[in-house]
Every structure is written in C-alpha cells, then in structure tokens.
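Please find my notes on this model below.

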Amino acid sequence: SAVTRLPTPSVAPAPSPTPSVRSMTVVAVGGDTMSLRLALTSALRRAPRAASARLPSTARMMIPTTTAPLAASTVGSHRGARPRPVVAAHVRHGVRPASSFALSAAETATASSTAEIDVDAAKAAAAAQGETVRSLKDALKKGDATKDDVDVAVKKLLELKAIVEQLENPAAAAAAEDAGAKAKDAAAGKDSAGKDVGVTPKSQDFSRWYLDVIRECELADYGPARGTMVIRPYGYAIWEAIQRWMDADFKKSGVQNAYFPQLIPYSFITKEASHVEGFSPELALVTRGGGKELEEPLVVRPTSETIVNHMFTQWIQSYRDLPLLINQWANVHRWEMRTRPFIRTLEFLWQEGHTAHATAEEAEARAVQMIDCYRRFAETVAAMPVIVGRKSRVESFAGADCTYTIEAMMGDGKALQAGTSHNLGQNFSKAFDTTFLDEKGETRHVYQSSWGVSTRLIGGVIMTHGDD
C-alpha cells in the first residue's frame, strides 16, 4: 500500500522569553514509523541515562497547531489512499534546524534535561494501528483488502510497539542495542562462509551457494526428520507453475488424473523381482498400526507401478478399455542416505504417469512422447538446455525394459537427471496378471509405460540460472 511521507515542517519559535528554544516535530503518516524511530533513538541513545532512568509519566506529545492542517491536507490529497492515523513526537532541544534528527555532543546535557517524549501518545498510536490491523483483516475476509495491506499494517504495528517498549524502558533498549552491535562487530571479523548470512559466491563453493540461495529466497527449509524438507510458499508457487503447464499438456494427449494409496502392501513390491531388488534399500516400512503389529508390513510409496497394476487388473477387461492413460500428483518416500533440498530428499513431490496398451509399439511410442514433453518444458519454459537419451541397462528403472531421460548440465559441471520415461514392456503386467481380451478373443498381457518429473526441476532451474 502507498505510504505518504510528510516533510518535517519548520515550526516557528513558541512564544517564550527564551527565543532560542525551538520545537522539532516528527510526523509519521499511516503508521510510517521510520522517521519517528530515528528521532526517538537519536535522542534516547545520546542522552546520559542512569540504570533506573525512566521517562516522566506526565510527558505529553505536542503537535503545534501549524502542523495539524499540513498533516490533514497531505493525507487527504493522496488519491485513493485509505485513511491513515497521524503519529507525532515532539522533542525540545537547543537551537537547531527543525529538520535535524541529530544532537551534537555539546547539546547532550541540554537534551538530557529537556527531552520530552509522550509514552501515552505512543501507546495510543499503537492502539490505533491495532484497530487498523483489525479493520483490514475484516476487510480481507470480505475481499475489500489484500494480504499485502494486512502485512504492511502489521509490520507498522510491531514497529510502534517496539517504540513504546523503547520509551518505557530506555536503559534496557539501549543495552539490547549495544549487545546487538557488539555481536555484529564480532561476526564481521570472522569468515562468513557457511554462515546463514548472505550468499556464498558460486566460484567459492557451489554447494554452499546453492543452499544459500534456497535459504535467502525462502524457497525451502529443512524438516525436523533427517532428510526431509519443508517447501515454503515461494518454492511451492514454482512447483504449482510446473504443475499447471505439465497437467495441461498431459490432458491434451488424453491423460486423466487419479490418486492411489500411499501405503502399499509389501507383497506387492516383491511380485516383480528386479523391482524389489532395485528399491529394497530405499524402502520405508510401516510395521505397527493402532498399537499392534501389522500382519503384513506396508511400504510407504516409493513409486506406484505395483499398486497401479493391482487396480489396472480390475479395470481392464478387453481391448476396448485400452489405452488406459493415468497420472497422479503425489508425494513419494525413498530412504536416501545423502540428501540435498529439491535434488534428493527422503520425501519429495512429483507426478507419475502410468499407461496400459494393447501393443508394444504403443507403449514405446507413449514413453518417447512423454520424454519429449519433458524436453519441451525444460527448454521452452524453464529455459534449461537438456540432452535426451536412453539410460544404460544398469541405470534403467527397476522393472523397465528401457529408460529414457533428459539430462541438464548444471553450473558445477555435473549432469542432473531432470525427468525420466520408462517402457515397462510386460514385466509388471505379467507379475500382476494384468490382461485383456483382444479383438480375436484371446487373452493377452498389456504393455505399459510410466514416466515422471519431480520438484527436482526447481533445483535444476536454480543451478542453471542462479548467480551471485
């Protein structure tokens, strides 16, 4: 929201036998507390105080009559601006230009004895800002205000409360400021690499730079369980943008969204020999539930080929049910030993597509089509150049005939696997007896593909485009 700043007005000398005393008025509009904070901090820190020093409870804030019309006029002339409270502080000191916030060393003694700051008025200003916050929250519920409006108002309220605290107990406030300054000075003399402050240059430590960017941009945080991460709103917004593009592109080719359970019977995993062998080290198992040992352990979803085939067996009867094109947006768990936010974590978000076809050629065509979809996204949306290729047999997905991949070169000279698509052949359909009646009335096993990208794409974008 717009903030109208009022210039500090020059105030004529008050009628007094001593014309050398002027009034300095600091005006903050709409809770704009920066000028007020500067003035108060300057006066408080420069004036000598005893440990038990407190401001007089009878102090009063004074707004000269020449100031009020100016404040009202300026606020009213700001087109479209919401009504904003006007906060003013009055400080008496020796002869000094009315616009100056600083006191010279020679004026310190005078400031100590003549500074008058109205604690009660500061509290009233904070209370008024509190009412503004409440009004904005009510307006937000009705759609008449934005979250940004509320955030700005709350920030100003906190600043006003801090000023009240500073006025009520200046000794404690000064001690806290001094302690903070000493800590800052001590930290400045040490090597900042590895500290949670600023961004380490890429050339100095690429891995640290990557983590610093994620922290400073508030994309994600580490979760309480080892290897997990919390995706913060800005990071999740990037994922939502990826989802929107991908989801629209999937649906253009007839893919439909569904959802499958996260807990999978362990016996499903063991049905496909190479699948269980490939995933066994990464599995997370649930062995107790409801205070009892489970009859069969449940696997926390590492991928869904097994449970999808269990359902496909019930859904597919004849060639008329094919092709079956399903996608789900979900989370998966893989017990990784070495983790890195967005790149490799114990739990991550992804989409996984699963299809069933009548012929091997259709399954192969779908696997190639989807890796090309990922390539188009990487190159035309994420502006991340990739190489499309086929994995070696040993690197292929556990249970696949072949795996296609898009690989991107990162800023540290290492390749990142950014998306994969698998031709599963009949490996899973034979393990789960997923069959259909063809046009000749013969029973045959379906051919399948599966394909997926994950929040790893966010890490790829950072390492491709990020700088110091």
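1. A network of salt bridges links Asp249, Asp372, Arg375, Arg376 and Glu379. The model is predicted, and these contacts should be read as such.

2. Arginine 375 is partly exposed at 24% relative accessibility, and glutamate 379 is partly exposed at 35%.

3. Arginine 376 also forms a salt bridge with aspartate 372, with 3.6 Å between the closest N and O atoms. These two residues are separated by about one helical turn because they lie 4 residues apart in helix H12 (residues 360–381). Arginine 376 has a relative accessible area of 27% and aspartate 372 one of 31%; the former is partly exposed, as is the latter.

4. In helix H5 (residues 147–168), aspartate 151 and lysine 147 are 4 residues apart. Their side chains meet in a salt bridge of 3.1 Å, N to O. Lysine 147 is exposed at 54%, whereas aspartate 151 is partly exposed at 37%. The salt bridge count is 16.

5. Is strand S9 enclosed or open? All 10 of the 10 residues in S9 (residues 324–333) are buried, so the strand is largely enclosed by the rest of the structure. Leu324, Ile326, Gln328, Ala330 and Val332 point one way, and Leu325, Asn327, Trp329, Asn331 and His333 the other.

6. S9 pairs with strand S10 (residues 347–357) in the antiparallel sense over 10 bridges; asparagine 331 has leucine 349 as its bridge partner in S10. Strand S5 (residues 256–257) runs parallel to S9, joined by 2 bridges, and asparagine 257 is partnered with asparagine 327.

Definitions and conventions. Residues are numbered from 1 along each chain as its sequence is written. This is a predicted model: local features need pLDDT of at least 70, side-chain atom pairs count only at pLDDT 80 or more; totals for chains, interfaces and linings use all residues. Side-chain values use heavy atoms; hydrogens and water are left out. Buried means under 20% relative accessible area, exposed over 50%, partly exposed in between (1.4 Å probe, protein chains only). Two strands pair if DSSP finds at least two bridges between them. A salt bridge is a side-chain nitrogen of Lys or Arg within 4 Å of a carboxyl oxygen of Asp or Glu.
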